[in-house]
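Subject: Structure for you to look through

Dear colleague,

Please find the sequence and the structure below, followed by some notes on what was found. Could you read the notes with the structure open beside you?

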Amino acid sequence: MRITCPYCGPRDRREFTYRGDALALFRPDPGADAQVWDDYLHNRDNRAGRVRDLWYHDCCGTWIVVGRDTVTHEVHGCEAAAEVPR
Amino acid sequence: MRYSGFKVILEGLRGNTGWAPAWRDPDPKPAYDALIIGGGGHGLATAFYLAKNHGMTNIAVLERGYLGGGNVGRNTTIVRANYGLPGNSEFYSHSLKLWEQMESELNYNVMHSQRGIINLFHSDGARDAAARRGNAMINQGDDAILLDRDGVRKLLPYLDFENHRFPVYGGLYHPRGGTARHDAVAWGYARGADSRGVDLIQNCAVTGIDVEAGRVVGVQTTRGPIRAKKIGMAVAGRTSQVAEMAGFRLPIESLGLQAFGTEGMKPVIDHVITFGAGHFYISQSAKGGLVFGGDLDLYASYAARGNLPTAEHVVEAAVQLMPVIGKARMLRSWGGIMDMSPDGSPIIDRTHIEGLYLNCGWCYGGFKAVPGSGYSFAHLIATDTSHAPAARYRLDRFRTGVGIMDEEATGSQHNLH
């Protein structure tokens, strides 16, 4: 599996650390309902197929949203998490 | 048909013409008292104990593929009760007791071998943690012996004790731990359930769960609709997909875990050994192959196979700990899909849908839990009350933060276990 860092280009998966569902980018309001926080912190779609997850490039420190297939390990697209509209 | 040594000899003399299939292959009936989704270790054990302990025999197990084709046939076969936290301690202690009576209970040879597990440690801090864990195991009524370096050397003389980076300081020895023939566990429970009247229905994928007014009423399957008022989910890595059919999400992420086997060799490793500095564990199968594994492939995956970086890491740890196996040729590797929960501990609980029961979150430790999980899940389904050893495996602990069982003390958050 190879992941494309927006700054460094395509690199081996060994250079990256997986940091879970890209849902983490969409943090609820501090005052949001407990159920909203539970969904954010714990509950997951956990889809078999196309997902968007967060990877950290250990070499350059970029957080990347990776479009990936959890069944085939195919990578569809990578973008810097900082560029993702929230 | 009762199996025995005498029967084996008799059939050997009769050209093995007298064996019958170990279970039937029935078509699904339109309705049952209860359904178990998932014909793996946990599902089959649940069906067995529903029939045996609770007299529920008008039930069926629905399996998408073939019986025992999932994680129960894809693990490193380790059986142990060496947990440290209330909740896990009593559950795995109960499960180990069930292991110890499994072969006579099922009249089936599962090759349960209590060869002992040794968890090595490589620092003073790790020794303290091992001593604490050993005391927790003894308090629970199980066995634990803290070995110093010489004690480990007597049992495992072939380790690299002089490793500069990770010298062996000692090990926590759990003599009642060991291994079992993993497929046989599924087959034994399947046969036991079938002989009590449970229908084991293979090639029957659940495609929908029917809920009416907050109550489960049946399932849609590739072999037609089946009605039941009680439905238990025991589908491990596929839990999120089945829950989605009932319209809810769970605190589960599915990750791959690899295991590896070498060619058969003469006996060299008599125990189960875990390396305390890298994530690595190893035993030798009855066929002689070394069976070993390590970390998860640390990202969400349903691929049921591994990626090379983890394989490299595991082999590096293996050769560092025991250079003696450096020339063993790796024969194959395989992967299972782990249902990872945020705190690393499982869930056996009701759901918000009446009659729909949940068994998941076994992370990378589901095999040793098979009998205890089946026993407790059957109790929950039959009586609608939690079985004492599994009473803390509640689904709502993540939402409320009460009763989190974080065995590694890394936090209750995805991707930490």
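**A buried residue in chain A**

A:Ile3 has a relative accessible area of 0% and is therefore buried, where buried means under 20% relative accessible area, exposed means over 50%, and partly exposed lies in between, with a 1.4 Å probe and protein chains only. Before going further, please note that this is a predicted model, in which local features need pLDDT of at least 70 and side-chain atom pairs count only at pLDDT 80 or more, while totals for chains, interfaces and linings use all residues. Residues are numbered from 1 along each chain as its sequence is written, chains are lettered from A and ligands numbered from 1 in the order in which they are written, and side-chain values use heavy atoms, with hydrogens and water left out.

A:Ile3 belongs to strand β1 (residues 2-5) of chain A; helices (H or I, at least four residues) and strands (E, at least two) are DSSP runs, numbered from the N terminus. Not counting residues up to four places away in sequence, A:Ile3 touches A:Gly9, A:Pro10, A:Arg11, A:Phe16, A:Trp55, A:Val66 and A:Cys78, where contact means heavy atoms within 4.5 Å. A:His73 is 70 residues from A:Ile3 along the chain, and 11 Å separates their C-alpha atoms.

**Two helices of chain B**

Helix α2 (residues 41-54) of chain B has 14 residues, which at 1.5 Å a residue should span 20 Å, and the 19 Å between its end C-alpha atoms agrees with this; the expected span is 1.5 Å times one less than the number of residues. Because 11 of its 14 residues are buried, α2(B) is largely enclosed by the rest of the structure, and B:His42, B:Phe48 and B:Tyr49 are among those buried residues. After α2(B) comes B:Gly55, with a positive phi near 65°.

In helix α3 (residues 88-106) of chain B you will find B:Ser93, which is buried, with a relative accessible area of 0%. Leaving aside neighbours within four places in sequence, B:Ser93 is in contact with B:Ala81, B:Gln140 and B:Asp142.

**Strands of chain B**

In strand β6 (residues 170-174) of chain B, 5 of the 5 residues are buried. In a regular strand the side chains alternate between the two faces of the sheet. Both faces of β6(B) are covered, with B:Gly170, B:Leu172 and B:His174 buried on one side and B:Gly171 and B:Tyr173 buried on the other.

Which strands pair with β6(B), given that two strands pair if DSSP finds at least two bridges between them? Strand β4 (residues 117-121) of chain B runs antiparallel to β6(B) and is joined to it by 5 bridges, with B:Gly170 as the bridge partner of B:Phe121. Strand β5 (residues 145-148) of chain B is also antiparallel to β6(B), through 4 bridges, and here B:Leu146 is partnered by B:Leu172.

Strands β18 (residues 347-350) and β19 (residues 356-360) of chain B run antiparallel and are joined by 4 bridges, with B:Ile348 opposite B:Asn359. These two strands form a hairpin with 5 residues between them, and B:Gly355 in the turn has a positive phi of about 90°.

Most residues other than glycine have a negative phi. A:Asn46, however, has a positive phi near 50°; it lies in the loop between α1 (34-41) and β4 (50-57) of chain A and, at 8% relative accessibility, counts as buried. B:Asp384 has a positive phi near 60° and is found in the loop between α9 (370-383) and α10 (397-400) of chain B, where at 26% relative accessibility B:Asp384 counts as partly exposed.

On a 1 Å grid over the protein atoms alone, a cavity is a set of points where a 1.4 Å probe fits but cannot get out, and a pocket is an open set with protein on both sides within 12 Å along at least five of seven lines, while lining residues have an atom within 4 Å of a point. The second largest pocket is lined by 26 residues, and B:His182, B:Ser285, B:Lys287, B:Val291 and B:Arg332 lie nearest its centre. β13(B) gives the most to this lining, with 4 residues.

The largest cavity is lined by B:Leu255, B:Leu296, B:Met340, B:Ser341, B:His414, B:Asn415 and B:His417.

With best wishes

Key
Pairing = 2+ DSSP bridges.
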